Every structure is written in C-alpha cells, then in structure tokens.
Amino acid sequence: MAGESVLEGLASVPRVRNPLIWSHVRVKRRLRHSDLNMTPIMNLLVILIPFLLVSVSFVELAVVHSALSEISAAPGEELKASLIVEITANGYGISSRSVDLKYLVNEGKKRAGSGSLTVTRHNRLKLQQMLRNVKRFFPEEREISIAPQADIPYQLVVRTMDAVREYRDGKDITPLFPNIAFIKIRKALPKP
Amino acid sequence: MNRRRFRRATILKKRSVEGAGPNLTPMMDMLVIVLVFLLKSFSVSYVGLKPPADLELPLSTSQEPAARFLAVDIKASGIYLEKDLVQPLAQFQLPGKMERDERLVRLYQVVKNKIEGGQIESTTALIRADRETPFDVIWRVMVTVRQLGFEEFQNLVIQDI
C-alpha cells in the first residue's frame with residue numbers, strides 16, 4: 001500500500017525536462033541527419049582540374065648537349081681517335097683525324113692513317129657497333145665530332161647523337177662518346 | 001481518417017523529394033582520382049620550356065633534365081628568340097641573299113642587344129628546333145650565337161625510350 005502511495009505521489013509531481021540533456025540530444029539528432037557539405041570541395045576540384053589539365057605536359061622533355069668543334073690534336077700527343085661521323089644522304093662515314101679505322105677494326109691494331117668506315121642507309125645499330133669496336137681501343141676517349149650535310153633533317157642528327165653517345169642494353173647504359181661537337185666539312189674544290 | 005492519411009503521405013513525399021539530391025559520391029571519387037593523376041604528371045620543371053604548338057621536337061633517348069636558358073626556336077616560318085620573330089624563313093629556307101653568309105645578322109644583333117641590356121647572363125643556349133629543320137639552319141644559329149660567347153648548346157628533345 002505504501003508503495004502505491006509513493007507512485008501516486010510521483011505521478012502528481014510535474015515533469016520537468018532537463019534543458020542540458022535535451023540540448024545534447026538535439027545536437028546529436030542534427031548531426032545524425034546532416035551530410036558533409038561537399039560544395040566547397042567540388043568548387044575547388046572543378047577549378048583545379050582544368051588548370052592542371054592545361055598546364056600538365058604529357059611528354060617528357062630532355063636535352064642533348066652539343067657544342068661546336070674545337071678538337072685539335074697537338075703534335076707529339078699520344079695517338080687519339082678524334083672521331084668524326086659524317087652524315088650524308090646515303091649513310092654514315094666514320095673517320096679519324098689520326099687513326100686508320102679500317103685497319104683498327106680489321107686487324108685489331110692501332111696505326112696512324114686515314115682509313116675510314118662506312119655505314120649505309122643510316123643504320124644506327126651498325127654505326128653503334130662500329131663505334132663500340134673503336135671504343136675498346138680508346139676507352140678514355142669521350143669526344144666525337146658529327147658533321148651532318150646541310151640538308152640533313154634535325155631528327156636524324158639527334159638520333160645519330162643518341163647512337164654515338166651511349167649504348168643501351170636493357171637497363172644497362174654504357175657511355176660511348178658523350179662529348180658531342182658539330183663540325184662542318186668543307187669539301188675541297190676540284191683543281192682546275 | 002482518409003484525410004489524415006493523405007496529409008501524412010504528402011508530408012512523407014515532400015520530405016523524400018527534399019532529401020534526394022544527385023548522388024555526388026561517384027563524381028567525387030572520379031575527380032579525386034583524376035586530381036591525383038594530374039598532380040603526379042604535373043611537372044614544375046618544364047614551366048617555360050614547352051615549345052610552341054607548331055614546333056615538333058625531335059625524339060631522343062636522352063633523359064637529361066631540361067633547364068631554362070636563352071631559347072632559340074626554329075620553325076618552318078622563322079627563327080624566334082624568346083618567342084619574338086627574328087629571322088623569317090620560307091619553309092626552313094633562308095632568303096637567297098643570306099645563302100653565303102654563315103652568320104645570321106639579325107639574330108646576332110638582337111642577342112647582342114639583350115646581352116648589353118643585361119637580359120642574358122648565362123652562356124648556354126637552348127635550341128628548340130623542329131625535327132624537319134635542315135641542319136644548315138641549326139648550324140648557322142649555333143655559329144651566330146657562339147660568336148657572342150655562348151659556349152654550350154642544349155638541344156631540347158622529347159624523351160622516347
């Protein structure tokens with residue numbers, strides 16, 4: 001009986017909501033229903049992506065070093081290769097200012113002379129093979145001169161520079177003659 | 001009773017229409033992927049090096065990074081110094097009267113003025129020539145610029161490995 005009277009007493013007490021608890025609940029409810037506002041991020045992305053698309057370069061640029069030739073062999077110096085690769089419409093001509101290259105490749109011995117090598121149809125692999133042969137006898141030599149004819153297109157000149165600069169075997173790169181200089185060969189006019 | 005149901009249904013419908021915007025999540029995913037890809041490909045080092053659109057650079061196996069120097073562009077229409085036309089060409093050919101002179105006088109004068117004006121300090125020239133350019137034109141540019149003290153030349157190419 002006593003318990004019943006207590007309950008009745010409680011029922012008569014007016015129910016007061018605790019404002020602190022209720023504000024907490026409201027915040028929780030609001031958080032549950034509100035999504036993250038993506039609009040600023042979207043705005044940023046829409047501006048950033050066209051900017052990057054315009055300025056991005058999908059091609060990788062690089063440079064090939066070159067110079068104008070100043071190679072000159074001092075008299076009495078050790079026999080140097082001082083190679084010259086001439087690019088003509090028919091192919092390549094490899095010569096040396098002091099070494100007989102034909103004798104060197106055929107006999108495997110150095111001797112002074114002017115024997116030269118030729119590669120037809122701009123076969124760069126063959127050119128590279130010959131230069132590797134020469135490099136075996138002159139491992140310290142790094143200079144080479146390239147003498148393209150006046151009408152040779154620049155692309156062929158650059159490809160030739162690639163071939164004489166280094167030899168690539170998969171990921172292995174062996175330098176051949178990386179110091180490249182251009183020269184112009186002036187053909188001597190025939191004597192009258 | 002029916003009226004109550006109708007009102008309730010209308011409110012629910014209104015709510016669902018208010019809440020249903022376009023689903024942006026897939027678009028966001030896509031944009032984030034594109035952004036990451038572009039940021040990865042974006043290279044600051046090439047800023048200012050990009051050749052003009054009508055100039056097709058040669059391909060090369062070189063991987064040497066390019067740097068910014070005095071840029072000489074050689075196109076079918078002419079020779080340009082820092083995008084200013086210096087010497088007009090007719091399909092890569094020099095005017096007839098210049099055939100015999102190895103030095104390009106106008107290019108020489110413009111570069112000389114720039115050097116005297118303190119606009120050029122390095123002694124390296126960056127040559128951005130079209131892949132079809134005959135070597136003779138490149139040779140003349142090199143000879144001209146070299147007479148003004150440029151010792152080293154960098155030939156800009158597109159990596160092709």
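Guide: Helices (H or I, at least four residues) and strands (E, at least two) are DSSP runs, numbered from the N terminus, and the expected span of a helix is 1.5 Å times one less than its number of residues. This is a predicted model, in which local features need pLDDT of at least 70, side-chain atom pairs count only at pLDDT 80 or more, and totals for chains, interfaces and linings use all residues. Residues are numbered from 1 along each chain as its sequence is written, while chains are lettered from A and ligands numbered from 1 in the order in which they are written.

Visitor: What makes the span of helix 3 of chain B close to the expected one?

Guide: Helix 3 (residues 105-116) of chain B has twelve residues and reaches 16 Å from its first C-alpha to its last, against the 16 Å expected. Just after this helix, Gly118(B) has a positive phi of about 75 degrees.

Visitor: Why is Gly117(B) called exposed?

Guide: A residue is exposed if 12 or fewer other C-beta atoms, placed from the backbone, lie within 10 Å of its own, buried if 20 or more do, and partly exposed in between. Gly117(B) has 8 within 10 Å and is therefore exposed. Gly117(B) lies in the loop between helix 3 and strand 5 (124-129) of chain B.

Visitor: What share of chain B counts as buried?

Guide: Of its 161 residues, 26% count as buried. The secondary structure of chain B comprises four helices and six strands, in the order α-α-β-β-β-β-α-β-α-β.
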